[in-house]
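Here are a few friendly notes to go with the model. Have it open beside you as you read.

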Amino acid sequence: MQTPIATTRSATGIPTGRLAIWWLVASEIVIFGGLLLSYVMHRIGHPEWAIAQAHTHTFVGAFNTFVLLTASFTAVKGHEAAEKGDGKRAAKFLYLTMGGACLFILVKSLEWTSEILEGFTIQANGFWAFYYTAAGLHALHVIAGAIVIFFVARDAAKGRNLQRVEYVGIYWHFVDIIWIFLFPLLYIAK
Amino acid sequence: MSEQDRDTHQHHPDYTKIYVALVILLIISVVGTFSGILWITFIMAFGVAVVKATLVAENFMHLKWEKVVAKWVLGISLVLMLLFFAGVSPDIMKDRGLQWVNNADLAATARGIPDEEEPGKGAPASAAESAKAAAPTQTAAAAPAAAPFNPETTFKTVCAACHGPEGEGNGPGAAALNPKPANFTDPAFWTDKTDSILEKAIRQGGASVGKSSAMPAWGSILTEAQAKQMVAYLHTLKGK
């Protein structure tokens with residue numbers, strides 16, 4: 001397959017594809033940064049949210065943090081393999097990352113189901129509104145990541161577009177970082 | 001893959017070590033919650049989050065070895081976001097000013113409290129109802145949604161969030177507050193409070209009587225008569 005010229009041309013010293021990922025991450029900083037800071041501000045202004053927050057499951061959140069950290073680890077191992085030109089090994093690691101994403105979403109679905117059945121819906125009050133909005137937007141990013149990782153891994157297994165293993169990894173690590181902040185905000189600082 | 005790509009990305013630290021460090025940090029942040037001490041929990045949770053995020057960004061995202069222009073792209077976005085946030089936050093942090101009250105925010109506060117039954121919607125209570133309200137048999141949780149105004153229920157569902165179910169100033173919200181919410185069981189509290197001061201504090205907020213602005217103004221939700229009933233209820237907590 002002919003590699004398009006844009007993936008190699010670069011005025012910044014960064015390959016164009018990777019630069020594009022950095023721009024994507026920059027836009028995500030604005031989205032999640034604004035959302036998380038708004039949460040912090042409202043949480044400080046509403047001490048009574050502590051009552052609602054007491055219902056979040058710390059261990060479920062901690063388990064999901066562990067899942068995402070592990071998925072990040074396998075993503076970066078995939079990157080390492082891709083740089084050595086070992087597409088098959090890179091694909092294996094990426095499939096593990098994808099599995100981590102699926103496990104994360106599964107745990108989150110069970111967690112949300114139990115919370116919604118207890119009556120804690122997005123409309124219950126300000127805390128739950130933030131809870132479902134922030135974690136929900138993050139979960140959408142996890143799902144999007146899993147889908148993209150699947151296509152990148154399928155290509156990598158055939159030795160194609162190995163540079164994309166790194167690019168999708170950068171995105172994935174960022175999704176991990178968002179959760180690293182969401183976890184203490186929603187589950188620990190009660 | 002270009003040449004630049006090759007030469008900036010030869011760096012592969014020992015990812016396993018970093019991964020183990022991240023997992024240990026995660027365990028530390030969870031263990032911190034068991035201390036029960038607020039500042040330890042916060043340092044454990046947020047300090048650890050910053051360290052974890054830095055480890056991931058530097059080593060997994062390879063920011064440590066990335067060209068400076070990528071750091072500028074991220075840094076400028078972060079700074080602009082913070083600038084925007086700092087610009088709008090003062091308006092959002094306040095729920096009232098000299099000439100205005102944000103009723104939606106007060107209503108949101110009320111919604112944040114479990115088993116809230118929108119006391120403002122009930123008809124003004126009669127003397128008979130207020131006598132009934134004083135009966136200790138009625139519990140807050142069992143009160144039906146359409147119940148008439150009941151000061152005890154209102155106290156236990158709304159005020160108790162900060163003032164505590166028994167009015168001792170030790171509700172779940174109290175931990176985050178400084179100064180602490182009033183303790184109505186403390187005789188010292190009653191030495192300098194007249195009923196009119198208390199009614200004003202309830203309807204116009206703590207700041208209106210020179211007390212903490214964390215005490216919201218409930219005037220848009222509680223009528224004057226209901227505020228009077230609330231004060232009467234507070235008297236029953238005295239010296240309990």
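Which residue lies over the face of B:Phe189? The first point takes this up.

1. Please keep in mind that this is a predicted model. B:Lys193 is the residue over the face of B:Phe189, and its distance from the ring centre is 4.4 Å. A second case in chain B is B:Lys238, placed over the face of B:Trp190 at 4.9 Å from the ring centre.

2. Now to the ring pairs. Over all chains, the count of aromatic pairs is 24. One of them joins A:Phe73 and B:Tyr19, with centres 4.6 Å apart; the angle between the planes is 20 degrees, and the pair is stacked. This pair crosses between chains: A:Phe73 belongs to helix 3 (residues 58–83) of chain A, and B:Tyr19 to helix 2 (residues 15–32) of chain B. Both A:Phe73 and B:Tyr19 are buried.

3. B:Phe155 and B:Phe184 make an edge-to-face pair, because their planes stand at 70 degrees, with 6.0 Å between the ring centres. Here distant parts of the chain are linked, 29 residues apart: B:Phe155 sits in helix 7 (residues 151–163) of chain B, and B:Phe184 in the loop between helix 7 and helix 8 (187–190). B:Phe155 and B:Phe184 are both buried.

4. A:Tyr95, A:Leu140, A:Ile143, A:Ile147, A:Phe150 and A:Phe151 make a nonpolar surface patch of about 540 Å². Helix 5 (residues 126–157) of chain A gives the largest share of this patch, five residues. A:Leu140 is in helix 5 of chain A, and A:Leu140 counts as exposed because its relative accessible area is 54%, where the cut-off is over 50%.

Terms used:
Residues are numbered from 1 along each chain as its sequence is written. Chains are lettered from A and ligands numbered from 1 in the order in which they are written. This is a predicted model: local features need pLDDT of at least 70, side-chain atom pairs count only at pLDDT 80 or more; totals for chains, interfaces and linings use all residues. Side-chain values use heavy atoms; hydrogens and water are left out. Rings of Phe, Tyr and Trp (its six-membered ring) pair if their centres lie within 6.5 Å; planes under 30 degrees apart count as stacked, over 60 as edge-to-face and the rest as tilted. Helices (H or I, at least four residues) and strands (E, at least two) are DSSP runs, numbered from the N terminus. Buried means under 20% relative accessible area, exposed over 50%, partly exposed in between (1.4 Å probe, protein chains only). A charge sits over a ring if NZ of Lys or CZ of Arg is within 6 Å of the ring centre and within 35 degrees of the ring normal. Patches are made of residues with over 30% relative accessible area and no salt bridge: like charges are joined within 9 Å, nonpolar side chains (Val, Leu, Ile, Met, Phe, Trp, Tyr) within 5 Å. Accessible areas come from the Shrake-Rupley method with a 1.4 Å probe; for residues, only the protein chains shown count as cover. A salt bridge is a side-chain nitrogen of Lys or Arg within 4 Å of a carboxyl oxygen of Asp or Glu.
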